[in-house]
Amino acid sequence: MNTRLKEFKAGMQPALKELKFSLLKLKKSPLSIAGIAIISFYVVIALLAPILAPTHPGDDPFMIWKDGFLQIPKPPSEKHPFGTTKGQYDIFYGCIWGTISAFRVGIWVTFTALVIGLAVGILAGFYGGIVDELMMRFTDIILAFPGLILAMALVAVLYPAVARADAVLLALVLVGWPGYTRVIRGEVLRVKTEDYVEAAKAVGCSDLRTIFKHIVPNSIYPILIIASLDIGSIVLTVAALSFLGLGPPEGYADWGQLIAFSRNFIIASPKDPFKYWYTFIIPGLFIFTFVLGWNLLGDALRDILDPTLRRK
């Protein structure tokens with residue numbers, strides 16, 4: 001028993017050494033720590049949302065609480081800490097529950113697009129030939145369209161068949177996976193020519209074992225870094241779609257929709273142009289800091305995972 005324990009400890013030493021080195025790299029990067037702190041802050045907000053902004057019994061928690069139908073926003077008060085938008089939607093409630101929406105949209109879309117991109121890119125890069133040509137030409141067709149324009153068109157097509165919120169998610173997945181496919185294909189083409197892959201094939205390893213044992217572990221790091229950066233960009237895209245009226249239904253807890261409610265109040269009047277500043281500044285700060293946090297976290301992952309940088 002003691003021998004097995006010693007063998008286990010000896011086997012874990014390289015992994016522990018790498019973990020300590022990675023943590024040391026993080027400590028040396030103040031921006032990376034700032035990114036982790038920002039994301040952690042939003043995680044806390046999302047976890048405490050039912051406490052910070054309690055819902056009414058029986059209501060959908062993601063539908064913003066309203067306090068009347070007046071079309072003129074009200075300034076921050078004790079009852080509405082961040083004020084209200086037109087239609088008297090509570091900005092505080094929308095920002096708090098919008099944090100959960102942002103995590104759900106960003107992580108779900110990124111993960112789904114990443115899985116699809118990995119599958120297509122690995123198959124195209126590993127097998128090559130006609131498989132590679134067919135898959136990559138289809139990928140090129142999707143990449144030829146501007147992402148936001150294509151997402152808008154897909155939402156318009158999908159919306160009658162599915163709920164608008166689900167249509168937005170599906171559209172972003174369909175637009176997002178080709179980018180991952182191009183990157184992972186290039187990495188697979190590089191890795192599959194390495195000696196250890198050729199040796200695995202020579203000793204009779206199956207394609208499945210070769211892919212998951214040798215190809216994926218040595219080619220996935222760049223795409224993980226891109227995915228961490230894409231979470232923030234997806235939240236920005238959803239906010240843009242919401243602002244254009246193609247996002248979730250009216251009243252849904254979404255930062256972009258809160259800003260859309262303020263479009264008529266960005267300039268209040270010549271005498272007092274920023275009278276309704278809270279209607280767009282507060283949701284805008286939530287979007288800005290959330291995206292900034294993921295971008296800084298992506299830089300941290302790059303420093304840790306990129307083998308060309310981690311030892312510098």
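## Contact between α8 and α9

Tyr196, Val197 and Ala200 of α8 are in contact (heavy atoms within 4.5 Å) with Thr210, His214 and Ile215 of α9. Of the residues in this contact, four are nonpolar, two polar and none charged; Ala, Val, Leu, Ile, Met, Phe, Trp, Tyr, Cys and Pro count as nonpolar, Asp, Glu, Lys and Arg as charged, and the others, Gly among them, as polar.

This is a predicted model, in which local features need pLDDT of at least 70 and side-chain atom pairs count only at pLDDT 80 or more, while totals for chains, interfaces and linings use all residues. Residues are numbered from 1 along each chain as its sequence is written, and side-chain values use heavy atoms, with hydrogens and water left out.

## Packing geometry

Helix α8 spans residues 195-202 and helix α9 residues 207-215; their axes lie 10 Å apart, at an angle of about 150°. The two helices are therefore roughly antiparallel, a term for angles over 145 degrees.

## Glutamate 187

Glutamate 187 belongs to helix α7, residues 164-191. Its relative accessibility is 17%, so glutamate 187 counts as buried (under 20% relative accessible area). The side chains of glutamate 187 and arginine 190 are joined by a polar contact of 2.7 Å. Leaving aside residues up to four places away in sequence, glutamate 187 touches Ser219 and Pro222.

## Glutamine 88

Glutamine 88 is located in the loop between α3 (49-52) and α4 (91-127). This residue is buried, with a relative accessible area of 1%. Phi of glutamine 88 is near 65°, a positive value in a residue other than glycine. Most residues other than glycine have a negative phi.

Note on methods
Axes are lines fitted to C-alpha atoms, for helices over the stretch in contact, and angles run from 0 to 180 degrees between N-to-C directions. Helices (H or I, at least four residues) and strands (E, at least two) are DSSP runs, numbered from the N terminus. Angles under 35 degrees count as roughly parallel, over 145 as roughly antiparallel, 65 to 115 as roughly perpendicular and the rest as oblique. Buried means under 20% relative accessible area, exposed over 50%, partly exposed in between (1.4 Å probe, protein chains only). A polar contact is a pair of N or O atoms within 3.5 Å; within protein, one must be able to donate a hydrogen and the other to accept it, and residues adjacent in sequence count only if both atoms are side-chain atoms.
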